[in-house]
Amino acid sequence: MLFHIDLKAILVACALSYGAITLVLQKITFALLTTLLPDNPIYGFAPIFLIVLFLLFPPVLAGCVVAKMARNRPQLHVLLSALMGAALYAIFSRSNAIIWSLIPLVLTWLGFAVFVWLNKRR
């Protein structure tokens, strides 16, 4: 075999970012949205911010975690994690699955870039 895929790194990164963090963000988002009333002045901005955070944070976290945990070839592991995230976004989106699946493909690489940038600074 030409390369070894660290499946544990990919599964842990996806479970952490798309599982645990998403559930925590979901609980925070729904708790805040139920307490905000439509007549509250910050109501217009809060849902947009929380939805953007809910959609954008897990793929970036997955890219950082899988790049940190991969023993060899972190770029390959990030690509596999991005494809898994794209599949999850496409499965759970009700419409425009192709557009929704582009989000983790781009943002997982952003997480990898953040990881590389932080390691170069050390």
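The model is predicted, so local features need pLDDT of at least 70 and side-chain atom pairs count only at pLDDT 80 or more, while totals for chains, interfaces and linings use all residues. Residues are numbered from 1 along each chain as its sequence is written, and side-chain values use heavy atoms, with hydrogens and water left out.

Let's start with the overall picture. The protein has 4 helices and 0 strands, where helices (H or I, at least four residues) and strands (E, at least two) are DSSP runs numbered from the N terminus. Of the 122 residues, 33% are buried. Here, buried means under 20% relative accessible area, exposed over 50%, and partly exposed in between, with a 1.4 Å probe and protein chains only.

Now for α3 itself. This helix covers residues 74-92, and its 19 residues reach 27 Å from first C-alpha to last, close to the 27 Å expected at 1.5 Å a residue. That expected span is 1.5 Å times one less than the number of residues. His77, Val78, Ser81, Ala82, Gly85, Ala86 and Tyr89 are buried in α3.

How do you describe two packed helices? You give the angle between their axes and the distance between the axes. Axes are lines fitted to C-alpha atoms, for helices over the stretch in contact, and angles run from 0 to 180 degrees between N-to-C directions.

| Pair | Angle | Axis distance |
|---|---|---|
| α1 (residues 7-35) and α3 | about 45° | 10 Å |
| α3 and α4 (residues 97-121) | roughly 150° | within 8 Å |

The angle makes α3 roughly antiparallel to α4; angles under 35 degrees count as roughly parallel, over 145 as roughly antiparallel, 65 to 115 as roughly perpendicular and the rest as oblique. The α3 side of this contact includes Val78, Ala82 and Tyr89, and the α4 side includes Trp100, Leu105 and Phe112. Its residues divide into 15 nonpolar, 5 polar and no charged.

On the other pairing, α1 is oblique to α3. Ile10, Leu11, Cys14 and Tyr18 in α1 meet a set of α3 residues that includes His77, Met84 and Leu88, where contact means heavy atoms within 4.5 Å. Ala, Val, Leu, Ile, Met, Phe, Trp, Tyr, Cys and Pro count as nonpolar, Asp, Glu, Lys and Arg as charged, and the others, Gly among them, as polar. Leu88 and Cys14 sit 74 residues apart along the chain, with their C-alpha atoms separated by 9.9 Å.
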